[in-house]
Amino acid sequence: MSTRPRILVDADACPVKDEVYRVAERVGAQVTIVSNAWLRVPPGVERIVVDSGFDAADDWIAEHADVRSVVVTADILLADRALKAGASVIAPNGKPFTTASIGSAIAVRAIMADLRAGGDQIGGPPPFSKADRSRFLQALDTLLVRLTRTG
């Protein structure tokens, strides 16, 4: 088993795949792109295409996440599953999901779903920005450096 860190990307709607590739190449991390559709990836990047079943990509990532993994996802429930597997988790905007923060994130998600189900008009997340991209790069680099030093 490799001691190199592994980045598992929930890739279908991920806006930072190119950033993942650059950081991973610099620090020597493995990258696995998991999606429901075929996506072009650079040489050396593993591509996993799962079936179109509900949460198929999430299931694959959760089953393969471990303490040497960084999971990149905006999906709060996948983040929870990955954290329980021991992985580090960051959103594409650079926000880390931690065992201390995931409970409140799940609660807010449930409240928002209830409000939407009740007919309330709720805006979505803000548009992805250059600042989000910068935060993501910094957070990913920090996590990978930490995993490289502990491996």
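This is a predicted model: local features need pLDDT of at least 70, side-chain atom pairs count only at pLDDT 80 or more; totals for chains, interfaces and linings use all residues.
**Strands β1 and β2.** Select residues 6–10, which form β1, and then residues 30–35, which form β2. The two strands run parallel and are joined by five bridges. To see one of these bridges, show R6 and its partner in β2, Q30. Together β1, α1 and β2 make a right-handed β-α-β unit.

**On to β3.** T32 has E46 of β3 as its bridge partner. Five of the six residues of β2 are buried, so this strand is largely enclosed by the rest of the structure.

**A11.** Is A11 buried or exposed? A11 counts as buried because its relative accessibility is 0%, and the cut-off for buried is under 20%. Show its contacts beyond four places in sequence: K17, I33, V34, S35 and L39. For a distance check, pick the C-alpha atoms of A11 and S88, which are 17 Å apart in space and 77 residues apart in sequence.

**Helix α2.** Select residues 56–64. Colour the buried residues of this helix: A56, A57, D58, W60, I61 and A62.

**D80.** Finish in helix α3 at D80. D80 is buried, with a relative accessible area of 14%. Leaving aside neighbours within four places in sequence, D80 contacts I102 and I106.

Definitions and conventions
Residues are numbered from 1 along each chain as its sequence is written. Side-chain values use heavy atoms; hydrogens and water are left out. Helices (H or I, at least four residues) and strands (E, at least two) are DSSP runs, numbered from the N terminus. Buried means under 20% relative accessible area, exposed over 50%, partly exposed in between (1.4 Å probe, protein chains only). Contact means heavy atoms within 4.5 Å. Two strands pair if DSSP finds at least two bridges between them. A crossover is right-handed if, with the strands pointing away from the viewer, the path from the first strand over the helix to the second runs clockwise.
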